[in-house]
Amino acid sequence: MKKNFVFFLLYIFFSCFLPVFSQDKTPFCELDYEAEVIKQLDITPVYIDLRECITIAILNSSLLKSSYSLYESKDFEYKYSLTGFLPQIGLRAYTSFIKGQLLVGGALIADLNEQALFGAIYLKHDLTNGGKLFFEILSSKNLKKAQYYNYQGTFEQLLYETAISYYELIQEKLFIQNLLTALCERKYQYEITKARYEVGEGEKYDVLRTQIEVKQNEAELIDAIVKFRIKQAHLATLIGLDATSSIMPIEKDIKQYHLLGNLTTNEIYENAIKILPNIKKQEAEIASLKNQRNQNFSDIIPKFSFDLTYSSQGTVKLGSLPNATATINVDIPFGDRILLGTIAKYKALDKQIKALEYKLVYEKNVVRENILTSFETSKKTLEKISILETQHDLATKSQDIVSMKFFEGEEELLNVIQSQTRKTQTELELSRTKVAYNISQLELLYFSGLISVENILNGYSP
């Protein structure tokens, strides 16, 4: 009789406060998640989506602006190297005052009081300095290319990191939501065990156990809030906003985005090594170093130059007369330090080139490894999502059954707790895996050199 009375009280409790307990979420736990998350974070949120994040990052990123400034610097250095084809033109002039005696050609001129004048315009050119100019121009041009690819790589990395950071922030937001639901359910369990204990049908241990579970969930919620704020500050800094900005992803759930077509890893790799900025940058640097190495050939090439000067010289008293000179210079060197220095310089740069070429081979292997890893991760993560969705459905049904049996007095509290914990963990794992899939797709785009604003936002619908 007493047991039936207890079940009657529990029925009233469930009917008034916990209706349809066997559903996925009771109405009592149908929280306004946005409001609850904002309340827990104690912020005034600024809602933002992935498209806006990318736009702000492109406009505000200091790293991107810095990289572009370096590219502009290399562009001006290249333009300066082209001016080597132009002659040097200038004016030269002087005046001197002579008073007293002056010895000229063995004759002594006494009582001299004169002001000498000289003025000239000159034009001279070293005529490519034995071909050295051509190598300098080619080297400067390749360094400009290398810096452009560096800028392009910075741009792609910014897109990549911004998208990943945004998805990670969504994940932390969903984590908080799941913990809020779990905490609500734990508090239900506490109220139930407390009611049963107070009427003499429950155990004190069950009350303590549910209290422990509530406190554990509260502690986990605090950790999740801290992690969210850290991710929030990182994303704000990445896109060029103040780290204290309370940006909030607009998504309330995570969607899966298939960002790359159905290509094999070999097809992706063959395309990647042709367009990846990091690979193209290293190739341009090697080309520049080869230009510098070959520049040493100018040590043994005859060098021609000319100097044209038209001047007017004389004195104040006697006047000035015009004078024109044309000088052609020929220098036939035997190399630097009797050719031994030239050979040593050539060999030194040649070894540097070899080192960079070996490094490039390694980098290409890393590209293949990254593509293979991202490809397999993406493929298997998609399979895992399907498994977790089934597991979540089963965990929900299992919780429904256990909860109802617990309500009917046929199941222990521990099994209810374990069932709800299993369901919560499955929900968290499902959210993480969906985010992991999107990140693996972003990685595949990035490592294949195909990452762009258009490809990241392919099918994007917040």
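Helices in this predicted model are DSSP runs of at least four residues, numbered from the N terminus. Under this numbering, helix H5 spans residues 132–198, and Thr193 is found within it. Thr193 counts as buried because its relative accessibility is 4%, under the 20% limit applied to buried residues. Two polar contacts were identified for the side chain of this threonine. The side chain of Thr193 reaches the backbone oxygen of Tyr190 at 2.9 Å, and a polar contact of 3.2 Å joins it to the side chain of Thr210.

Leu158 is also placed in helix H5. With a relative accessibility of 7%, Leu158 counts as buried. When neighbours within four places in sequence are left aside, the contacts of Leu158 are with Ala57, Ile58, Ser61, Leu64 and Leu238. For one of these residues, Ser61, the separation from Leu158 is 97 residues in sequence but 8.2 Å in space, from C-alpha to C-alpha.

The nonpolar interior was examined next. In soluble globular proteins, nonpolar side chains tend to be buried together. In the present model, the largest nonpolar core has 63 residues, and within it the most contacts belong to Leu50, Tyr167, Ile176 and Ile456. Helix H5 gives the most to this core, contributing 15 residues. For Ile176, not counting residues up to four places away in sequence, the residues touched are Val37, Leu41, Leu221, Ala224, Ile225 and Phe228.

Helix H6 covers residues 204–238 and has 35 residues; the distance from its first C-alpha to its last is 51 Å, close to the 51 Å expected at 1.5 Å a residue. H6 is followed by Gly240, which has a positive phi near 90°. Helix H8 covers residues 277–294 and has 18 residues; it reaches 26 Å between its first and last C-alpha, close to the 26 Å expected at 1.5 Å a residue.

The buried residues of H8 are Pro277, Ile279, Gln282, Ala284, Ile286, Ser288, Leu289, Asn291, Arg293 and Asn294. Ser288, which lies in H8, counts as buried because its relative accessibility is 1%. The side chain of Ser288 makes a polar contact of 2.9 Å with the side chain of Ser139. Leaving aside neighbours within four places in sequence, Ser288 is in contact with Ser139, Asn142 and Leu143.

Aromatic side chains were then considered. A search of the whole structure finds 12 aromatic pairs. In one of them, the ring centres of Tyr94 and Phe118 are 5.1 Å apart and the ring planes lie at 20°, so the pair is stacked, the limit for stacking being an angle under 30 degrees. This pair links distant parts of the chain, with Tyr94 in strand S2 (residues 88–104) and Phe118 in strand S3 (residues 107–125), 24 residues apart. Tyr94 is partly exposed, with a relative accessible area of 48%, whereas Phe118 counts as buried at 16% relative accessibility. One aromatic cluster is formed by Tyr68, Tyr71, Tyr148, Tyr149 and Tyr151.

Arginine side chains were also found over aromatic rings. The charged end of Arg92 sits over the ring of Tyr122, at 4.5 Å from the ring centre. Arg432 lies over the face of Phe175, and its distance from the centre of that ring is 5.3 Å.

Leu339 lies in the loop between S6 and H9 and has a positive phi near 75°. Leu339 is partly exposed, because its relative accessible area is 33%.

Conventions:
Residues are numbered from 1 along each chain as its sequence is written. This is a predicted model: local features need pLDDT of at least 70, side-chain atom pairs count only at pLDDT 80 or more; totals for chains, interfaces and linings use all residues. Side-chain values use heavy atoms; hydrogens and water are left out. Buried means under 20% relative accessible area, exposed over 50%, partly exposed in between (1.4 Å probe, protein chains only). A polar contact is a pair of N or O atoms within 3.5 Å; within protein, one must be able to donate a hydrogen and the other to accept it, and residues adjacent in sequence count only if both atoms are side-chain atoms. Contact means heavy atoms within 4.5 Å. Rings of Phe, Tyr and Trp (its six-membered ring) pair if their centres lie within 6.5 Å; planes under 30 degrees apart count as stacked, over 60 as edge-to-face and the rest as tilted. A charge sits over a ring if NZ of Lys or CZ of Arg is within 6 Å of the ring centre and within 35 degrees of the ring normal. A nonpolar core is a set of buried Ala, Val, Leu, Ile, Met, Phe, Trp, Tyr and Cys residues joined through side-chain atoms within 4.5 Å. The expected span of a helix is 1.5 Å times one less than its number of residues.
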